[in-house]
Each structure stands twice: as C-alpha cells, then as structure tokens.
Amino acid sequence: MINVLAIPALSDNYIWLLHREQQQDCVVVDPGEADPVMQHLEQHSLTLRAILLTHHHGDHIGGVEALLAGRDLPVYGPAREHIGARTHPLDRGDQVEIPELDLVLDVLHVPGHTAGHIAYAGGGMLFAGDTLFAGGCGRLFEGTPEQMLHSLDRLACLPEDTAVYCGHEYTEANLRFAKRVDPHNRALAERLRQVIQQRQNGHCTLPSRIGLERQTNPFLRADNPQVRQATEALVGHALPTRLDVFTAVRALKDAA
Ligand code: ZN
Ligand code: FE
C-alpha cells in the first residue's frame with residue numbers, strides 16, 4: 001500500500017510525498033520548497049529516492065536544488081521544458097520506474113498550462129500538476145484552449161476511481177465558479193457544500209477522483225447541454241461547439 005501525503009508549501013501548493021507503509025524510501029512530486037520536505041524527511045526518518053516534476057514553474061521546482069544538496073537523486077521532468085536540475089527527461093509514452101516503492105508510472109504529455117507539461121499516472125493515482133485541478137483546470141499560459149481540452153480528455157478517460165493529486169488547493173474557489181456555469185448540477189452543489197466544510201476545518205480537499213471530476217468539473221463537461229446553456233447566457237451569444245464552450249468557460253474563470 002502506497003501512502004501519499006500532502007505537504008503544504010508556499011501559499012496554496014501541495015508537494016506530494018509517496019512512500020510504502022513501514023518503509024523509509026520515498027519520492028516527492030513538485031517540491032516548490034525544500035524546507036517543509038526536509039522537515040518531513042527528518043521527522044519520519046525517510047530517505048528521498050527521486051524527485052518528479054510536472055512542469056517548469058517555480059512553485060513546483062523551487063525546492064529541487066536545495067533537496068539535491070548532498071544527495072545523488074534522479075530528477076524526472078518534462079523533456080520539452082528547460083529545467084536545469086532535471087536528469088531524466090520524459091515524454092509521452094515513457095514510464096518512470098521507482099523500484100524502492102515497487103511503482104511504475106506512465107507519463108502523459110498534457111500541454112495547455114505549459115507547453116511541455118506532463119502528468120504521471122499509475123497505481124490508481126494521477127499526479128496532474130497544474131493541468132487538472134479539483135473542480136477546475138490550469139490557466140493557459142503557454143497553450144491553446146484546444147490543447148488543454150485534449151489534455152483534459154486524456155486525463156478524464158483514466159479509470160473513474162483514479163485518485164487525483166493536483167498542484168494546488170484551489171477546490172473551493174473552483175467549485176464556487178463552477179456553480180455559475182453549471183447551476184443545476186446537484187452533485188456539484190453537494191460537493192461544494194462538503195468542500196466548504198473541509199476548508200472551514202482546515203482540511204485538504206485532495207485527492208479527488210476522476211469519476212467525481214467528470215460529474216462536477218465544468219472543464220470536463222463542455223459537452224453538457226446545461227453547461228452550454230448557462231455559459232451561453234453568461235457570455236450573451238451562441239457557443240456551437242464543445243471547444244467554444246470550453247474556451248468561454250476558461251475565459252470566464254480567468255475574469256472571475
Ligand atoms: Zn504552474
Ligand atoms: Fe502551480
């Protein structure tokens with residue numbers, strides 16, 4: 001059984017730490033800061049075996065250099081992005097083997113937030129970086145709506161019970177926005193109610209599940225007639241295609 005632990009970092013980032021129960025080997029995904037990771041390694045006598053990166057933004061790689069000091073570790077990251085510390089460039093179709101955790105992860109190329117963004121999927125888990133968020137998706141800094149829609153399609157077809165680990169705690173704001181473009185979705189209203197409660201108690205709202213995202217994330221529901229109608233009403237004109245709906249929902253979220 002692999003444990004996945006959320007280490008909060010910066011203002012709203014999560015660094016994901018994976019290890020097997022009763023064992024000391026671990027890996028981290030997207031260490032935007034080193035200190036909280038090092039504290040955790042020390043407190044729990046864990047040994048870091050590898051670093052996995054999803055994209056080049058500072059809030060995801062900022063801790064890498066400091067974590068490498070005095071350690072000889074593989075640093076996996078997107079082949080299509082410039083990341084100085086990366087030792088193992090990855091592209092779609094590649095696999096990452098972490099023998100210490102008896103874990104193999106598939107690499108998916110999911111451009112949109114950044115051009116080379118990758119995600120890692122395996123063992124019933126998805127590490128989505130800033131591509132798929134709980135109730136939302138990443139901003140389009142380096143990609144087109146079409147690319148992002150295609151990337152999200154790729155993630156949405158993972159098994160429904162796949163646990164989704166995202167780069168940020170954005171769930172409540174995402175779901176509040178989602179209600180505007182999907183106002184009659186009961187599952188969404190119920191999820192928002194739960195998430196508000198979780199946040200009031202200071203809890204992490206992740207991981208999500210692919211099935212839940214398909215039901216409640218408007219960026220995975222651009223083909224839903226109710227989402228289209230509500231979005232058309234907000235923008236004041238017809239949105240004939242799924243891509244038109246997706247593009248409009250993304251633009252509304254950017255402006256929110
Ligand atoms: Zn980012
Ligand atoms: Fe980020």
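Predicted model: local features only at pLDDT ≥ 70, side-chain atom pairs only at ≥ 80, totals over all residues.
R139, R250 and D254 are linked in a network of salt bridges, where a salt bridge is a side-chain nitrogen of Lys or Arg within 4 Å of a carboxyl oxygen of Asp or Glu. Side-chain values use heavy atoms, with hydrogens and water left out, residues are numbered from 1 along each chain as its sequence is written, and chains are lettered from A and ligands numbered from 1 in the order in which they are written.

Let me take D182 and R221, which form a salt bridge with their closest N and O atoms 2.8 Å apart. D182 sits in the loop between α5 (171–181) and α6 (186–200), and R221 in the loop between α7 (210–216) and α8 (225–235), so this pair ties together parts that are 39 residues apart in sequence; helices here are DSSP runs of H or I with at least four residues, and strands are runs of E with at least two, numbered from the N terminus. D182 counts as buried because its relative accessibility is 1%, and R221, at 14%, counts as buried as well. By buried I mean under 20% relative accessible area, by exposed over 50%, and by partly exposed in between, with a 1.4 Å probe and protein chains only.

In helix α6 itself, E190 and R193 lie three residues apart, about one turn of the helix, and they form a salt bridge at 2.9 Å between the closest N and O atoms. Here E190 is partly exposed at 33% relative accessibility, and R193 is partly exposed at 49%.

Now to the metals. The zinc ion (ligand 1) is coordinated by H55 (NE2), H57 (ND1), H113 (NE2) and D130 (OD), at 2.2 to 2.3 Å; donors are N, O and S atoms within 2.8 Å of the metal (3.2 Å for Na, K and Ca), and since water is not among the atoms, sites may look incomplete. Along the chain, the donors of the zinc ion follow the spacing H-x1-H-x55-H-x16-D.

What does D130 bridge? D130 bridges the zinc ion (ligand 1) and the iron ion (ligand 2), which lie 3.1 Å apart. H113 and D130 are both buried.
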